Amino acid sequence: MAAAAPELVDDMTYEILLHIPPDDPASLVRASLVCKRWRQLLTDPAFLRRYRAFHRTPPMLGFIHNVDHSSNSSYIPRFVATTSPSPFYPDFPPPSIEFPTYWWALDCRHGRLLLQLFNPIDLMVWDPTTGDHRIFPQPPYLDFYCTGAVLCATRGCRHVDCHGGPYLVVFVGTGEDDHSWACVYSSETGEWSSQASIAFDSYVEMLPGLLVQDTLYFRCERGKRILGYDIGRHELSEIDPPPLGHEVGILMESGYGGLGFATVEDCSILLWSRYVGDDGIEEWKKSWVIGLDFLNPVGNPSLSWELAGFAEGVHTIFISSEIGVFTIELKSGQVKKLCEEGYYTVVPYMSFYTSDIAIWRPEEPAED
């Protein structure tokens, strides 16, 4: 039998490596150790750019959760990998700075994590994949109730390869005069914008925001209100949530790509979508119900579940209880247990982890 032509073998290898799942970066590490030819491909910038473009959506590599200071000497958010084994397990190397007494993860988007630092009070944007970080002052009109969001500032970016590019930080807060405000920090200018404000009598929670098209949304007063910020217009808006009882909901993307909302009621997740009715008025509509009884262990049918977060782009909800944190992929219905501990809030981290942008570098393989 004639041997395959070298060009055909290379083409087959190229396609095989191209289809390695991006949510399993350890497979890229192992593949790079097979032989020098595979390592050359897996470190070739042109191949890696095509690899990211082929898979389109950055995978979820894990989540960050803030640590309760009552049982720790300092607030140090922790990273929990959702891939195993992982080249960055058990954690990403933190920035090589002298950390303040404690710090708090606020938001994560487009491969960057936004942190609030205390003593002194500053903000930091950190890219765990590359290790790059920047510390800068918070806006001068800071209030007790505030939070922020980070996002890529490159126009037309598909967010598969924007590490090292410009970014924006949107910071919002609620003052004692029943007004909420927003301002924007640009990494290109190193300055804060002017303040946009709106009469708003609900406090902003220190939780991640939700980006839907050009608008950021923030949960307020345990989900009783929603604060919207239009990035292009630099305007704030007030939105009422779906009709709720005592449930506490989270913001999410709807199945139509718009603003959505999720609540837990009677051991079920209720999903809501906001849409424009025939009369031109935006309304909430219940779109889906997901039962959680199958997750309750035998002998504990009344286990209490809480919504802990939502991962943009991959349509994944995080739920938490005393038996751990789980994810539910809304498109496939797949359920996965991530850890044994339960957390009130998690901050999902999505990014490609390839050798041209990551801290990790493949080792030299053995001789062919």
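A residue counts as buried when its relative accessible area is under 20%. Tyr185, with a relative accessible area of 4%, is therefore buried. The legends below describe views of a predicted model.

**Figure 1. Overview of the protein chain in the predicted model.** The chain holds four helices and 24 strands. It has 368 residues, of which 51% count as buried. The accessible surface comes to about 18,100 Å², and carbon and sulfur atoms account for 51% of this area. Of the contacts between residues at least 6 apart in sequence, 51% join residues at least 24 apart.

**Figure 2. The stacked pair of Phe136 and Tyr185.** The whole structure contains 13 aromatic pairs, and this view shows one of them. The ring centres of Phe136 and Tyr185 are 3.9 Å apart and the ring planes meet at 5 degrees. Planes under 30 degrees apart count as stacked, so the pair falls in that class. Phe136 belongs to strand β6 (residues 133–136), whereas Tyr185 belongs to strand β9 (residues 179–186). The pair therefore ties together parts that are 49 residues apart in sequence. Phe136 is buried, at 3% relative accessibility, and Tyr185 is buried as well, at 4%.

**Figure 3. Tyr185 and Trp192 within an aromatic cluster.** The rings of Tyr185 and Trp192 have centres 5.4 Å apart, and their planes lie at 55 degrees. This pair is tilted, whereas the pair of Phe136 and Tyr185 is stacked. Tyr185 thus takes part in both pairs. One aromatic cluster takes in Phe136, Phe171, Trp181, Tyr185 and Trp192.

**Figure 4. An open sheet of four strands.** The strands follow the order β16-β17-β18-β19, and their pairing is antiparallel. The edges are formed by β16 (250–253) and β19 (282–291). Each of these two has a single partner strand, so one of its sides is left without a neighbour in the sheet. From one strand to the next, the twist averages 30 degrees.

**Figure 5. The pairing of β16 with β17.** Strands of a sheet pair through backbone hydrogen bonds, in either a parallel or an antiparallel arrangement. Here β16 and strand β17 (residues 259–264) run in the antiparallel sense and are joined over four bridges. Within this pairing, Leu251 stands opposite Phe261 of β17. Strand β16 is an edge strand of the sheet, with a single partner strand.

Notes: Residues are numbered from 1 along each chain as its sequence is written. This is a predicted model: local features need pLDDT of at least 70, side-chain atom pairs count only at pLDDT 80 or more; totals for chains, interfaces and linings use all residues. Side-chain values use heavy atoms; hydrogens and water are left out. Buried means under 20% relative accessible area, exposed over 50%, partly exposed in between (1.4 Å probe, protein chains only). Contact means heavy atoms within 4.5 Å. Accessible areas come from the Shrake-Rupley method with a 1.4 Å probe; for residues, only the protein chains shown count as cover. Two strands pair if DSSP finds at least two bridges between them. Axes are lines fitted to C-alpha atoms, for helices over the stretch in contact, and angles run from 0 to 180 degrees between N-to-C directions. Rings of Phe, Tyr and Trp (its six-membered ring) pair if their centres lie within 6.5 Å; planes under 30 degrees apart count as stacked, over 60 as edge-to-face and the rest as tilted.
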